Structures are given as C-alpha cells and as structure tokens.
Amino acid sequence: MGLRRVGTLLGEAALVVFLVSMVLGQVLGQPVLLGFVTSGSMEPTIETGEGFVAIPAEIAGPVEEGDVVVFRSEEIQGGGLTTHRVVEETERGYVTRGDANPFTDQDGGEPPVSEAQVVAVAWQPGGAVVTIPGVGAAVTASQDAFGSVQRQLAGLFGTRSLLGTQGVAYLLLSLSVAGYLLDLYLDDERGRTRETERDTGVSLHLVVVVFSAAIVLSATAAMTVPAGPQTFDIVSAETDSPGPRVIEQGTNESVPYTTANGGFVPVVRYVEPVSDGVDVEPREAAVGPRSSVNGTLTLSAPPETGYYQHHVVEHRYLLVLPQSTIRSLYLIHPWLPVVVIDALLGGSFYAVGVAVGNSGRVRTRTRDGPSRFDRLRTWLR
C-alpha cells in the first residue's frame, strides 16, 4: 500500500471521527471531542463559531482555577450549555466568567457552578486553548440538515420517534444499514459482469466501520441521554410548608425517585450523590424493558435558613453484561461500563461484517465465484 493510499485512509478515518464526534455530541447533549461557541463571550481566546477540543469531565479530572469548562447553566441565556473560564473556587461551587465579560456569571445571577454541572473541559496544552475554525458552522449545518430530514421522515411515517436525539441515532443506523446493503448489491452486480483483480477491503471495511460507529452511537445515546446530573432545589425554612421542597431547617424530607426505561433492552442504573444533604435508596437498580423502578430520594435542609441546591448523578448502562460485571466496572470508573459495552456491541458487529466480507483482503475473483451478496445470503440461512 503506497503513501498516497495511506494518506487517503487516514483522511477517511479522520472524517468519520469528526462526523461521529459532532453527531454524538448533539445526541448526548454535550460536546464529545469537539465543542464550539456561538457568542463572543470568550473572545479573544475562542472566537465566535470556533471549535475546541473538549475532554469529557469524567476523564478530564478535577477542575482547577483557570480551566475553560462547558457547564449546564441555569440562568445564562435561559439555561443550557455555556463555555466560560473558572476564575475562583468556593465552598458552594465554581465562579465563572467569559474572557470578554467585565463581570462574573455569578454577579449576573447565575448560581455557583457545581461539579455535577460541568460536562467538559477545554484542552489547554501549555495553558492555551486549541481552537479549530469553522466547527460551529459545520455543526449548525449538520443540525439543520438532520432536523429537516427528521421532520420530513416523521411526517411521512407519522411517528414522533424519529424526532429529537433518539431520531438522530435511528437515522444514522438506517443510513448505515442502507449503505452496507447497497455496497453488497453493487459488488454483486460487478462480480457478475466482469472478472477483476482488486483490493476489495477498503470499501467494505469503511462501511462496516461506519455501521459499527452507528451502533455504538445508538448504544451510547441509550445509556447517557436519559441519565446525567440532576439538581433538586430546596428551601430551608423555620417551619415546614406544603410548598414544593420547603423543609424545616435541620430536618429532612423523602420524595419518590422513579427510573423509567422506555427501551426494549433492560438497563441497570446507579445514582451517586455529589453534594451534601441528599441520598437515594436504592443506589443500584435493574429496570426491565418498557418498565420503571421506584426509589426514595431524601433531601436534608441545613440548619441555616435559605435556598439550597442538592445534586445527584445518575449513570445508566445496557444490561448486556452480567450485572455484577457492570458493577465492578462502575466502581473502577463510571465511564468504563459504557466503553466496554460499546466495544462489545460495535466490535461484535465489526467482526461479523469482516467475516462475511472475507476479511476484505486482496484476492482474485471470477464471475463463477460467490459474491459478497451470495455469501451474506448463505450466512443468513
């Protein structure tokens, strides 16, 4: 294989990683490998529309003063993902500010940012954020394109399941299946009309890789979209009140905590308190397909009166491994079960796809030899 071919393959792989990263970020509601800003609040560090390398908070480690973080804001522009710099650490959370802003977010009414709200940290080798021009425009264009296709398909088939983040995963999976079958069909037609010697592995492997990535995307979305950090607001008052989460100071109150599974694959969920004054029982629970499990959330009011926030983080995993195995992986790191399950599902499909395609190696094939399409039909019998 020549250097030009190696360069082409590396370019194709980089394009696949780029596209999967952008789409996966939109499905999960947080940047994965790539993030971008839509305003000038971080100028000149990050210009409007520029992208940056985003490291998930679970991997990045503890946030420090000076880090540029992506967090789920409550008040900034009505809430949502915000990319600002941490300028101070306090007992109640992080103080953040856009590099171009004259005042902190907390001066403008945003509560201190808790660790549970931080979803990613910008990569800053040598103390400078690495930026990528044009990412914002590319992501926005992909969002518009996917949104338009989703709305048209939802109207055509009369179902809302093709809308939103779940619909993106369905759309990618369907496109990958169609591309894979089309590749098999065209290869079958070519094999019937001529005899040729060629390297058949590149096209098949690329399709199998994209299809595997779509499976991983769907599995990751199923595990992470319904989960994530949750915030519970309470008021510590002098006396109890029938109002929502108004608790007498120094006492606690229990409320239901329900975990629903709308999918067809059983899941196991873990809930981890990440602030004082909150607990969940049970912290581990298996949830069957199309069912739910009830737990108990206990909220404690501090001795001092005032408004407080309690945070928990829920992790959810497809129950395709023994529950004890998932528990062991979870205790090592909450993202480890996701990685192992994705590798199992994506790797299994890749192995089957390559096996059906005869490993994609250089070989001589005549019109009398079985084609990929014939081999696939034989394998499915």
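Helices (H or I, at least four residues) and strands (E, at least two) are DSSP runs, numbered from the N terminus. The model is predicted: local features need pLDDT of at least 70, side-chain atom pairs need pLDDT 80 or more, and totals for chains, interfaces and linings use all residues. Numbering starts at 1 along each chain as its sequence is written, and side-chain values use heavy atoms, without hydrogens or water.

**View 1**
Strand 4 covers residues 80-90. Two strands pair if DSSP finds at least two bridges between them. Strand 3 (residues 68-73) and strand 4 run antiparallel, joined by six bridges. Look for Val70, which stands opposite Thr83 of strand 4. The hairpin of strand 3 and strand 4 has six residues between the strands. Within this hairpin, Gln77 takes a positive phi near 50 degrees. Now turn to strand 5 (residues 93-97). Five bridges join strand 4 to strand 5, and this pair is antiparallel too. Thr90 has Gly93 in strand 5 as its bridge partner. Two residues make the link in the hairpin from strand 4 to strand 5. In a regular strand, side chains alternate between the two faces of the sheet.

**View 1. A salt bridge links Arg85 and Asp99.**
A salt bridge has a side-chain nitrogen of Lys or Arg within 4 Å of a carboxyl oxygen of Asp or Glu. The whole structure holds four salt bridges by this search. In one of them, the side chains of Arg85 and Asp99 meet at 2.8 Å, N to O. Arg85 sits in strand 4, and Asp99 sits in the loop between strand 5 and strand 6 (118-122), so the pair ties together parts 14 residues apart in sequence. Arg85 is buried, because its relative accessible area is 18%. Asp99 has 23% relative accessibility, so Asp99 is partly exposed.

**View 2. A negative patch includes Glu89 of strand 4.**
Five residues form this negative surface patch: Glu64, Glu65, Glu88, Glu89 and Glu115. Patch residues have over 30% relative accessible area and no salt bridge; like charges are joined within 9 Å, and nonpolar side chains (Val, Leu, Ile, Met, Phe, Trp, Tyr) within 5 Å. Find Glu89 in strand 4. Its relative accessibility is 44%, so Glu89 counts as partly exposed.

Strand 9 spans residues 228-237, and strand 16 spans residues 306-318. These two strands run antiparallel, with nine bridges between them. Strand 9 also pairs with strand 10 (residues 246-248), through three bridges. Here the strands run parallel. Which residues does Val235 face in these pairings? In strand 16, its bridge partner is Tyr307. In strand 10, Val235 stands opposite Val246.

Glu284 and Arg327 form a salt bridge, with their closest N and O atoms 2.9 Å apart. Glu284 belongs to strand 14 and Arg327 to helix 6 (residues 323-332), so parts 43 residues apart in sequence are tied together. Glu284 is partly exposed, because its relative accessibility is 23%. Arg327 is partly exposed as well, at 32%. Glu314 and Arg316 make another salt bridge; their closest N and O atoms are 2.8 Å apart. Both Glu314 and Arg316 are buried.

Most residues other than glycine have a negative phi, and most peptide bonds are trans. The bond joining Glu43 and Pro44 is cis, with omega about 0 degrees. Pro44 lies in the loop between strand 1 (33-36) and strand 2 (51-56). The peptide bond from Glu281 to Pro282 is also cis, with omega near -10 degrees. Pro282 is placed in the loop between strand 13 (278-281) and strand 14 (284-287). Arg290 has a positive phi of about 55 degrees, although it is not a glycine. Look for Arg290 in the loop between strand 14 and strand 15 (291-300). Arg290 counts as exposed, because its relative accessibility is 55%.

**View 3. Pro56 and Val118 are compared in sequence and in space.**
Pro56 lies in strand 2. Its relative accessibility is 15%, so Pro56 counts as buried. Pro56 and Val118 are 62 residues apart in sequence. In space, they are 8.8 Å apart, C-alpha to C-alpha.

Note on methods. Areas by Shrake-Rupley, 256 points an atom, 1.4 Å probe, with all protein chains shown as cover. Lys, Arg positive; Asp, Glu negative; His and termini not counted. Charge placed at Lys NZ, Arg CZ, Asp CG, Glu CD. Buried < 20%, exposed > 50% of the residue type's maximum accessible area, 1.4 Å probe, protein only.
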